[in-house]
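Here is a short tour of one protein model. Look at it first, then read the points topic by topic.

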Amino acid sequence: MRLIAIGDNVTDCYVDEGVYFPGGNAVNVAVNCKKNGAARVNYIGVFGDDDRADYIKECLTEEGVEFLRSRKVCAHTAQPRVYLKDGDRVFGPGPRDSCQHLFAIKLVTEDMDLIREFDICHTSCYSNLEYELPALSRICQVSFDFSDKRDDAYLERVCPYLTFAFFSGSDLEKDRCQALLRKARELGVKIAGITRGAKGAIFYDGENFYHQGIKETEVVDTMGAGDSFIAGFLTAYGDKKPIKEALDYAACRSALTCTVRGGFGHPHKA
């Protein structure tokens with residue numbers, strides 16, 4: 001399986017400890033897919049012009065993730081503040097006017113030529129790429145992380161162009177999860193899933209609902225666990241594993257991420 005991720009890169013700043021970690025949904029999914037054994041992984045994003053951006057690139061290189069066709073702009077890297085409470089992450093606002101806030105990617109012919117070399121393109125609601133989904137869907141399978149964004153207008157705008165849709169829904173009861181997954185499927189998604197934290201995950205392929213429990217582990221930090229689940233599922237399913245097997249693998253990879261500081265390690269002194 002070959003995956004290209006397009007979207008956000010940030011440095012998650014652990015304020016209480018004075019360190020930051022590379023992160024962002026697209027970066028986390030890309031790195032974890034490579035860790036899972038994906039044959040090739042590339043990341044396209046907008047990098048700032050500061051030391052933090054250089055560090056993210058160093059980490060991507062170390063993890064075996066290319067960043068061909070990424071942009072560089074005159075702005076600082078996004079720096080969300082993170083506080084840990086009983087191992088769970090609590091976010092606070094970082095400095096405004098970062099490259100993540102100010103710029104969106106406009107895909108051009110050269111980008112499309114690169115994307116065609118991959119099986120799956122992953123992006124998210126954090127990536128400001130909704131207007132490019134119709135074009136992307138014509139050249140590869142598209143994976144999209146909605147996080148907790150579930151309003152009808154947004155679903156109707158995005159779902160018709162997706163192969164895979166992922167939602168966060170720890171606040172939703174089972175019946176509401178199933179209703180959301182049915183709606184996503186009706187709008188065009190092939191496989192839709194909701195990760196629910198300690199409640200596990202529910203997926204739907206238009207015929208069956210699949211329920212995946214969590215894997216017990218010693219939780220150090222939940223940062224990136226959902227992104228790791230997505231990466232685990234995409235890697236396994238993209239390698240032709242059945243849905244049940246792909247979900248079990250995704251749960252194992254998510255649990256492993258919970259034992260690592262940051263989205264995928266690489267702490268740096270702030």
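Two elements, strand S7 (88–92) and helix H3 (99–102), each give at least two residues to the lining of the second largest pocket. The model is predicted, so local features need pLDDT of at least 70, side-chain atom pairs count only at pLDDT 80 or more, and totals for chains, interfaces and linings use all residues. Residues are numbered from 1 along each chain as its sequence is written, and side-chain values use heavy atoms, leaving out hydrogens and water. Helices (H or I, at least four residues) and strands (E, at least two) are DSSP runs, numbered from the N terminus.

**The second largest pocket**

- The second largest pocket holds about 170 Å³ of space.
- Its lining has 13 residues, and those closest to the pocket centre are Pro80, Gly92, Pro93, Gly94 and His101.
- Sorted by class, the lining of the second largest pocket has six nonpolar, six polar and one charged residues.
- For these classes, Ala, Val, Leu, Ile, Met, Phe, Trp, Tyr, Cys and Pro are nonpolar, Asp, Glu, Lys and Arg are charged, and the others, Gly among them, are polar.
- Pockets and cavities are found on a 1 Å grid over the protein atoms alone: a cavity is a set of points where a 1.4 Å probe fits but cannot get out, a pocket is an open set with protein on both sides within 12 Å along at least five of seven lines, and lining residues have an atom within 4 Å of a point.
- Points are joined across faces, edges and corners, and a volume is the space filled by probe spheres set on the points.

**The cavity**

- How many cavities of 30 Å³ or more does a search of the whole structure find? The search finds one.
- The largest cavity has about 90 Å³ of space.
- Strand S1 (2–7) and H3 each supply at least two residues of this cavity's lining.
- Residues that line the largest cavity include Ile6, Gly7, Asp8, Cys99, Gln100 and Phe103.
- The cavity lining divides into seven nonpolar, four polar and one charged residues.

**Helix H1**

- Helix H1 (residues 25–35) is mostly covered, with nine of its 11 residues buried.
- Buried means under 20% relative accessible area, exposed means over 50%, and partly exposed lies in between (1.4 Å probe, protein chains only).
- The buried residues of H1 include Asn25, Val27, Ala30 and Cys33.
- Gly37 follows H1 and has a positive phi, near 105°.

**Salt bridges**

- Side chains of opposite charge can pair when their charged atoms come close.
- The structure holds 12 salt bridges (a side-chain nitrogen of Lys or Arg within 4 Å of a carboxyl oxygen of Asp or Glu).
- Arg261 pairs with Glu17, their closest N and O atoms being 2.9 Å apart.
- Arg261 sits in the loop between helix H9 (243–257) and strand S14 (268–269), and Glu17 in the loop between S2 and S3, so the pair ties together parts 244 residues apart in sequence.
- Arg261 is partly exposed because its relative accessible area is 27%, and Glu17 is partly exposed at 42%.
- Glu63 pairs with Lys35, with the closest N and O atoms 3.1 Å apart.
- This pair links distant parts of the chain, 28 residues apart: Glu63 is in the loop between helix H2 (51–62) and strand S5 (71–72), and Lys35 is in helix H1.
- Glu63 counts as buried at 16% relative accessibility, whereas Lys35 is partly exposed at 39%.
- Arg69 pairs with Asp111, the closest N and O atoms being 2.8 Å apart.
- Here too distant parts are linked, 42 residues apart: Arg69 is in the loop between H2 and S5, and Asp111 is in helix H4 (residues 109–115).
- Is Asp111 buried or exposed? Asp111 counts as buried because its relative accessibility is 0%, while Arg69 is partly exposed at 34%.

**A nonpolar surface patch**

- Val15, Tyr83 and Val90 form a nonpolar patch on the surface, with about 230 Å² of accessible area together.
- Patches use residues with over 30% relative accessible area and no salt bridge: like charges are joined within 9 Å, and nonpolar side chains (Val, Leu, Ile, Met, Phe, Trp, Tyr) within 5 Å.
- Accessible areas come from the Shrake-Rupley method with a 1.4 Å probe, and for residues only the protein chains shown count as cover.
- Val15 lies in the loop between strand S2 (10–14) and strand S3 (19–23).
- Val15 counts as partly exposed because its relative accessibility is 40%.
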